Amino acid sequence: MKPDLSKNKTIGILGGGQLGRMLSSSASKLGFKSHIYDPQKGCPASQVSDLTTVASYEDIKALTNFAKSVDVVTYEFENIPTQALDVIENYVSIYPNRKALLTSQDRLTEKQFLNNIGLNTAPFVNVETDAELKNAINKIGSDSILKTRRFGYDGKGQARLNSKTNLVDIFLSFQGQPCILEGLINFDQEISVIGARDQHGSISCYDPGENIHQNGILRTTIVPARINKKIATDAIIITGKILNALDYIGTIGVELFVKDNKLIVNEIAPRVHNSGHWTQNGCVIDQFEQHVRAITGLPLGDGNRHSNVKMTNLLGDDILNLEQLLNARNSAVH
Ligand code: AMP
């Protein structure tokens, strides 16, 4: 899509959850319309977008009409069925590109890609049978994590193993899905870098945030992360390397472990990221606007952080404290 703010162009967004909603708001701020595609009626993003299509990702007619109605397509989650993208791509560009999606949809291809560009990951072995799991444990050790190669999120689709684990039961509970066995990293910290790359190859990365998870779900992000300057710079360089290697356009989230002053890449998310919500109040231009700018051919904005930030993810009953949250000084609720 050529940069052109004058004609009220429309951004198609696959997925209408929280991230799609925040993308829609940013699109609107820059004068773009948005069209949400989501199987669920009344999805969060539909409240703040111009158009919504409620249809499944298998509905070729709905996908075709959606693609014809927009100037560019992006997405808020990475597990979009390939055939939906095949249909859309006949009519309009999809950013971030298919390579980024293919790489990150499968933990095996993701780790191989990272290793191939010279980045450290946890040791891993592909596991598709009971026998392979036993061999993998011999290689990696019993302190490890078994993860499904696809469709895992927020700690779902993974199990921690130790010397007492009944392997047959564990593998059965994964119902024969292809997995990887990963060595357990006894990390000092978890951090993430949110970066963006535009259509001319310019890159802008936010300061690394330190992430604290509870039960596999992100609870808190603290910025700046409590890491030294060298680690912070290295994490940003790693993110730039990933963005360039994927010829990426848009915002990306890169999750890393810090261990003994070294960085290990855990995961990449080819989209705006929930550990980057803090940029909405802590930076001049947030991750959502960077994404909209990148996919519409506009230059990236100033991602400088003007404040230290603590971002807390509100889960379940947390919202019962809304009044207190709304009254808190120096706080914003999304
Ligand atoms: P993931 O879905 O890969 O992001 O994993 C969810 C969470 O599990 C991560 O944020 C870590 O807290 C933890 N985790 C994942 N992989 C490992 C590993 N190899 N070693 C230690 N902890 C891990």
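Predicted model: local features only at pLDDT ≥ 70, side-chain atom pairs only at ≥ 80, totals over all residues.
Four strands, in the order β5-β8-β6-β7, make up an open sheet in which the pairing is antiparallel. Because β5 (124-127) and β7 (158-161) stand at the edges and each has a single partner strand, one side of each is left without a neighbour in the sheet. From one strand to the next, the twist averages 20°. Within this sheet, β6 (residues 144-148) pairs with β7 in the antiparallel sense over four bridges, and Lys147 has Gln158 in β7 as its bridge partner.

Helix α6 (residues 130-140) packs on the sheet, where it touches β5, β6, β7 and β8, and its direction makes about 175° with that of β5. Helix α5 (residues 107-116) lies across β5, β6, β7 and β8 (179-183), running at about 150° to β5.

**Strands β11, β12 and β15**

Strand β12 (residues 217-223) is largely enclosed by the rest of the structure, because five of its seven residues are buried. Strand β12 pairs with β11 (residues 209-214) and also with β15, as the table sets out together with one residue pair for each.

| Strand pair | Sense | Bridges | Residue pair |
|---|---|---|---|
| β12 and β15 | antiparallel | four bridges | Thr220 and Thr312 |

The hairpin of β11 and β12 has two residues between the strands, and Asn215 takes a positive phi near 50° there.

When its neighbours within four places in sequence are left aside, Glu78 is in contact with Leu101, Ser104, Gln105, Ala269, Pro270 and Arg271.

Leu314 has its place in the loop between β15 (309-312) and α11 (322-327), and with a relative accessible area of 32% this leucine is partly exposed. Leu314 belongs to a nonpolar patch on the surface, formed with Ile319, Leu320, Leu322, Leu326 and Val333, and these residues together have about 520 Å² of accessible area.

How values were computed:
Residues numbered from 1 in each chain as written. Heavy atoms only, no water. Pairing = 2+ DSSP bridges. Axes fitted to C-alpha atoms, helices over the stretch in contact; angles between N-to-C directions. Contact = heavy atoms within 4.5 Å. Patch = residues over 30% accessible without salt bridge, like charges linked within 9 Å, V, L, I, M, F, W, Y side chains within 5 Å. Areas by Shrake-Rupley, 256 points an atom, 1.4 Å probe, with all protein chains shown as cover. Salt bridge = Lys/Arg side-chain N within 4 Å of Asp/Glu carboxyl O. Buried < 20%, exposed > 50% of the residue type's maximum accessible area, 1.4 Å probe, protein only.
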